[in-house]
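Thanks for making time this morning. I would like to walk through one structure, going from terms to overall build and then to a few local features.

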Amino acid sequence: MIRKTREVLKKLEFGMLELLVGLLMVAGLIGYFWFVPADIEWLDHTVSFILFSYLFYKVGITSLLFGHRSRNIEKLIVVSYFLLFFKDIIIYTKQTAFKFTVLKFVDYFYVFFSSNEFVSVFMTFYIGILGLVIAAVYITRNMVIGHPSFLFAFKQKPFKNNAFKFLAVFVALLGFYYSRRQEYYTLCV
């Protein structure tokens with residue numbers, strides 16, 4: 001029976017990621033219509049956030065925005081986006097803090113990060129921005145904006161000024177972050 005189920009799931013190409021997304025959708029629907037314990041609500045938001053970060057990487061941000069893929073720079077960009085998102089994790093943890101029955105350890109993390117606001121908000125923000133600056137510098141120096149890409153759609157000719165290219169790359173990275181951030185909030189509400 002188990003082997004037959006695995007074969008069916010393999011033919012459907014149904015894996016752990018799809019199962020996790022399905023469970024999150026069910027938890028979100030239940031939370032929309034009925035009361036959901038704080039543990040499930042926090043897990044729903046946190047796992048959704050982690051999946052969103054993973055999807056940022058799988059999308060191929062550098063290929064989408066600049067026409068060439070660089071996995072190491074994409075990792076840096078995803079970590080930077082994660083750090084920029086971190087304050088949002090603290091905000092939605094504040095809503096469920098001290099209501100956990102199973103995930104009591106989250107309360108300790110919340111107390112630490114809420115009492116050390118400099119670490120949780122400012123440092124993560126500045127390190128995230130620094131990561132995007134480093135990625136923009138690397139892309140400015142080592143990548144030619146290629147076709148098809150978002151930035152190529154705006155400027156087909158090569159950049160003659162590296163400062164202008166850096167600014168365009170940095171703004172594209174920030175714009176992608178903020179557009180994805182809005183989608184994340186739309187999905188979570």
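Predicted model: local features only at pLDDT ≥ 70, side-chain atom pairs only at ≥ 80, totals over all residues.

The chain has 9 helices and 0 strands, so to speak an α-α-α-α-α-α-α-α-α pattern when it is read along the sequence. Of its 189 residues, 38% count as buried.

The structure holds 13 aromatic pairs. One of them is formed by Phe85 and Tyr177, whose ring centres are 5.6 Å apart and whose planes stand at 75°, so this pair is classed as edge-to-face. Because Phe85 belongs to helix 5 and Tyr177 to helix 9, which covers residues 162–188, the pair ties together parts of the chain that are 92 residues apart in sequence. Both Phe85 and Tyr177 are buried. These two residues also take part in a cluster, in which ring pairs link Tyr81, Phe85, Phe176, Tyr177 and Tyr178.

A second pair that I would like to set beside that one is Phe125 with Tyr126, where the ring centres are 5.4 Å apart and the planes are at 70°, so that this pair, too, is edge-to-face. How accessible are the two partners, Phe125 and Tyr126? Phe125 has a relative accessibility of 34% and therefore counts as partly exposed, whereas Tyr126, at 52%, counts as exposed because the cut-off for that class is over 50%.

There is also a ring with a charged group over it: Arg69 lies over the face of Tyr57, at 5.8 Å from the ring centre.

Let me turn to the empty space in the model. Rolling a probe the size of a water molecule over the atoms shows where empty space is left. I will look at the second largest pocket, which holds about 160 Å³ of space. Two elements give two or more residues each to its lining, namely helix 5, residues 71–96, and helix 6, residues 105–115. Which of the elements provides the largest share of that lining? The answer is helix 6, with 5 residues. The lining includes Trp42, Phe86, Ile89, Phe109 and Phe113, and by class the lining consists of 9 nonpolar residues, 1 polar residue and no charged residues.

Thr46 sits in helix 3, residues 38–59, and it counts as buried because its relative accessibility is 13%.

Most residues other than glycine have a negative phi, and most peptide bonds are trans. Phe98, in the loop between helix 5 and helix 6, has a positive phi, near 65°, and with a relative accessibility of 55% Phe98 counts as exposed. In the loop between helix 7 and helix 8, where Pro148 is placed, a cis peptide bond joins His147 and Pro148, with omega at about -10°. Ser149 is in that loop as well, between helix 7, residues 117–142, and helix 8, residues 150–154. The side chain of Ser149 reaches the backbone nitrogen of Phe152 at 3.2 Å, and Ser149 counts as buried, because its relative accessibility is 11%.

Finally, I have two distances between residues that are separated along the chain. Val78, in helix 5, is 50 residues away from Gly128 along the chain, while their C-alpha atoms are separated by 9.4 Å; Val78 is buried, at 13% relative accessibility. Ala163, in helix 9, is 23 residues from Thr140 in sequence, and the C-alpha to C-alpha distance is 8.6 Å.

Technical notes
Residues numbered from 1 in each chain as written. Heavy atoms only, no water. 1 Å grid on protein atoms, 1.4 Å probe; cavity = no way out; pocket = protein on both sides within 12 Å on 5 of 7 lines; lining within 4 Å. Points joined across faces, edges and corners; volume = space filled by probe spheres on them. Helix = DSSP H or I, 4+ residues; strand = E, 2+ residues; numbered from the N terminus. Nonpolar A, V, L, I, M, F, W, Y, C, P; charged D, E, K, R; others polar. Buried < 20%, exposed > 50% of the residue type's maximum accessible area, 1.4 Å probe, protein only. Phe/Tyr/Trp six-rings, centres within 6.5 Å; stacked < 30°, edge-to-face > 60°. Lys NZ or Arg CZ within 6 Å of the ring centre and 35° of its normal. Polar contact = N/O pair within 3.5 Å; in protein donor to acceptor, adjacent residues only side chain to side chain.
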